[in-house]
Amino acid sequence: MEHPSYEELFNHLEGVSSPDAARRMEDHLQLCPQCAAELAGWRRSVKRLRHYEWPQGQPAIRSAWSAMALKWAAVAALVLGLGFGLGRASAPSPAALKESIVSEVRQQLRQTLRADLLQAIQQSQDRYQGTVLEALARLQEQHAADYLSLRRDLETAVSVADTDLKQKSRLLSELTATVLAKTVPAQ
Amino acid sequence: MTDEQAMWRVQTEDDAQAFAQLVARWEQPIFRLCARLTGDAHRGEDLKQEAFGRVFARRRDYQAGARFSTWLWRIALNLCYDELRKSRRRARSLEPEGPADAPETAQGPVEERTPYLRLVQQEEAELVRRALLGLDETLRTAVVLRYCEGLKLREISELLELPESTISSRIATALARLTRLLEPQFDARKTGAAKTDNLIAE
């Protein structure tokens, strides 16, 4: 009897075999207890991998207060632990002491790393906000300068137009006087 | 806001809130991956922190349009591989210290469990953890991504930049080896438990 390969068994387990291949595999599994047991074992392994709970990680970012509180808690735990250990008649074994110190140091390092990360993010955000505020201030200054310049241009234009108008009015008066002098004969 | 949109904000605006959102969404999967690949919850925690630190430090390298999850998984996997390499070097330079450390597999919500059941589950999780550690890195990575993290074969293939057939083959080999390692141990536990029950009944 020819047994299926691991890949064929895997495709059957995952349900990605073609209908023909799936039928052939079912027929084979009916007749071959060895392959049926193998596949059943695989299914149990998958269930074990999926089913068993694993440790939960700690939140990556905490507030500075919480980080500080944890740091103090860790220090307090260390002091209490050491006090308790010293007070005991039977001293802890070197291996247990080493494990405890390693664990405490790890805990403190984690807190420090977390605080550093939080601080880096905060600084980065502050820098960004500072840049935006500076850009806004520059923009406002530019607007004020543009407004003043425009207003000056407008006043100059009005003044020039006024002078021009007065000049034209004077010319018109002179022209009228000249025409009247020519058309009305002298008495 | 999708992961990609959040990452875009982190990349272009250094948006701390968007970054915090990404961390909140992904810290548990990344922690689990690191803990399972290294077999150590403490190291998993450290690697998770390092992975997010690296995401922020390398935010400018993120390719807009690429899937954030693939990028993040890859960063975490590379950190795990580096850590495993370092561990091997350390192990070679130190004297063998016998069996692995005490279980780091403290369980999740435990309020409703009896102490006995909790102990049984911890022991069984420890068996699975050790069996996983007995696999080569390549097999362990494939099987953890598929069955612990629930990634599809196509996603694993994209992440590891390998053909799907290679991934299938690796997972099949991993399952066969895990089954060889786990079945006798779980059978022995069942037999032992039955004997204990009989003794109690008598």
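Student: Which residues of helix α1 of chain A are buried?

Tutor: Buried here means under 20% relative accessible area. In this predicted model, the buried residues of α1, which spans residues 6-14 of chain A, are A:L9, A:F10, A:H12, A:L13 and A:E14.

Student: And what follows α1(A)?

Tutor: Look at the backbone there: A:G15 comes next, and its phi is positive, near 70 degrees.

Student: Let's jump to chain B. Where does B:E137 lie, and is it buried or exposed?

Tutor: Apply the cut-off again: under 20% counts as buried. B:E137 has a relative accessible area of 17%, so it is buried. You'll find B:E137 in helix α6, residues 137-148 of chain B.

Student: What does B:E137 touch?

Tutor: Leaving out residues up to four places away in sequence, B:E137 touches B:Y81, B:L84 and B:R88.

Student: Now B:T173. What does its side chain reach?

Tutor: The backbone oxygen of B:S169, at 2.8 Å. B:T173 sits in helix α8, residues 164-201 of chain B.

Student: Which residues does B:T173 touch, not counting those up to four places away in sequence?

Tutor: A contact needs heavy atoms within 4.5 Å. B:T173 touches A:Y6 and B:L139.

Technical notes. Residues numbered from 1 in each chain as written. Chains lettered and ligands numbered in written order. Predicted model: local features only at pLDDT ≥ 70, side-chain atom pairs only at ≥ 80, totals over all residues. Heavy atoms only, no water. Helix = DSSP H or I, 4+ residues; strand = E, 2+ residues; numbered from the N terminus. Polar contact = N/O pair within 3.5 Å; in protein donor to acceptor, adjacent residues only side chain to side chain. Buried < 20%, exposed > 50% of the residue type's maximum accessible area, 1.4 Å probe, protein only.
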